[in-house]
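Here is a short briefing on one protein model. Keep the structure open while you read the points below.

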Amino acid sequence: MRAIAPLLVALTLMLVSCTKAQSPSVTHRSADGRPDQWVYRISPNEYQLAIDSNGDGKPDVVRTFHDNEIIRVESDRNFNGKVDLVQEYSHGVLLREIRDDDFDGRPEVVKTFRPNGTLAIIERDPKERGTIDIVEYYDNQGRMTRREERRR
Ligand SMILES: [Ca+2]
Ligand SMILES: [Ca+2]
């Protein structure tokens with residue numbers, strides 16, 4: 001629970017709403033000339049790349065880079081303006097996914113991966129209360145080895 005709290009807060013943020021530091025620069029345009037990619041400079045060594053992948057003029061994927069290494073990808077997979085997937089990277093490898101797979105704006109699954117890419121832990125919040133109720137542990141072959149239910 002202590003680990004997920006700030007992530008849940010991050011998930012409820014609107015895309016790019018946290019990047020008011022500077023106005024973006026358009027870095028790509030679609031064939032008809034409309035901007036579909038923007039860069040927001042956050043600090044001297046950190047920036048965000050916002051991408052409009054469905055052509056509605058609004059970004060739906062935001063990639064955050066630190067020292068030119070990707071650290072975070074926020075996606076709005078159903079284009080409703082809410083982040084429904086956050087992926088965190090460490091040294092270029094996917095470390096954690098926070099998923100809102102029913103697109104109601106509240107995450108219910110957090111997946112943590114090993115450095116070799118295999119799934120290690122799934123934390124579940126099936127009632128979407130912002131706290132983890134179930135923790136599942138997986139071995140290298142993808143088999144669940146332990147399941148813990150947490151009572152409040
Ligand atoms: Ca879009
Ligand atoms: Ca949800």
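Of the 152 residues in the protein, 15% are buried. The model is predicted. Its mean pLDDT is 88, and 85% of the residues reach 70 or more. The protein has 1 helix and 11 strands.

**Burial and contacts**

- Tyrosine 40 is an example of a buried residue, with 21 other C-beta atoms within 10 Å.
- Tyrosine 40 belongs to strand E2, which covers residues 35-43.
- The C-alpha atom of tyrosine 40 is 9.3 Å from that of threonine 64. Along the chain, tyrosine 40 and threonine 64 are 24 residues apart.
- Take the contacts between residues at least 6 apart in sequence: 18% of them join residues at least 24 apart.

**Confidence**

- Residues 1-14 have pLDDT under 50 throughout.
- For residues 1-14, the model has 19 contacts beyond four places in sequence.
- Low pLDDT means that the predicted coordinates should not be read in detail.

**Overall layout**

- Reading from the N terminus, the order of elements is α-β-β-β-β-β-β-β-β-β-β-β.
- The 11 strands make an open sheet with antiparallel pairing.
- Strand order in the sheet is E1-E2-E3-E4-E5-E6-E7-E8-E9-E10-E11.
- Which strands form the edges? They are strand E1 (25-29) and strand E11 (144-149), and each pairs on one side only.
- From one strand to the next, the twist averages 15°.

**Strand pairs to inspect**

- E7 (residues 93-99) pairs with E8 (residues 109-113) through 4 bridges, in the antiparallel sense.
- Arginine 99 has valine 109, in E8, as its bridge partner.
- E9 (residues 119-124) and E10 (residues 134-138) are also an antiparallel pair, with 4 bridges.
- Opposite isoleucine 122 stands glutamate 136, in E10.
- E10 and E11 run antiparallel and are joined by 5 bridges.
- Isoleucine 134 has glutamate 149, in E11, as its bridge partner.
- E10 and E11 form a hairpin, with 5 residues between the two strands.
- In the turn of this hairpin, glycine 142 has a positive phi of about 85°.

- Histidine 91 has a phi near 50°, which is positive although the residue is not glycine.
- Where is histidine 91 found? It sits in the loop between strand E6 (85-90) and E7.
- Is histidine 91 buried or exposed? Histidine 91 counts as exposed because it has 9 C-beta neighbours inside 10 Å, and the cut-off for exposed is 12 or fewer.
- Glutamate 128 has a phi near 55°, again a positive value in a residue other than glycine.
- The loop between E9 and E10 holds glutamate 128.
- Glutamate 128 has 14 C-beta neighbours inside 10 Å, so it counts as partly exposed.

**Points to keep in view**

- For the sheet, follow the open order from E1 to E11, with E1 and E11 as the edge strands.
- For the loops, look at histidine 91 between E6 and E7, then at glutamate 128 between E9 and E10.
- For a buried position, look at tyrosine 40, which lies in E2.
- For caution, keep in mind residues 1-14, where pLDDT stays under 50.

Methods: Residues numbered from 1 in each chain as written. Chains lettered and ligands numbered in written order. Predicted model: local features only at pLDDT ≥ 70, side-chain atom pairs only at ≥ 80, totals over all residues. Pairing = 2+ DSSP bridges. Axes fitted to C-alpha atoms, helices over the stretch in contact; angles between N-to-C directions. pLDDT = per-residue confidence, 0-100. Contact = placed C-beta atoms within 7 Å. Buried ≥ 20, exposed ≤ 12 C-beta atoms within 10 Å, placed from the backbone.
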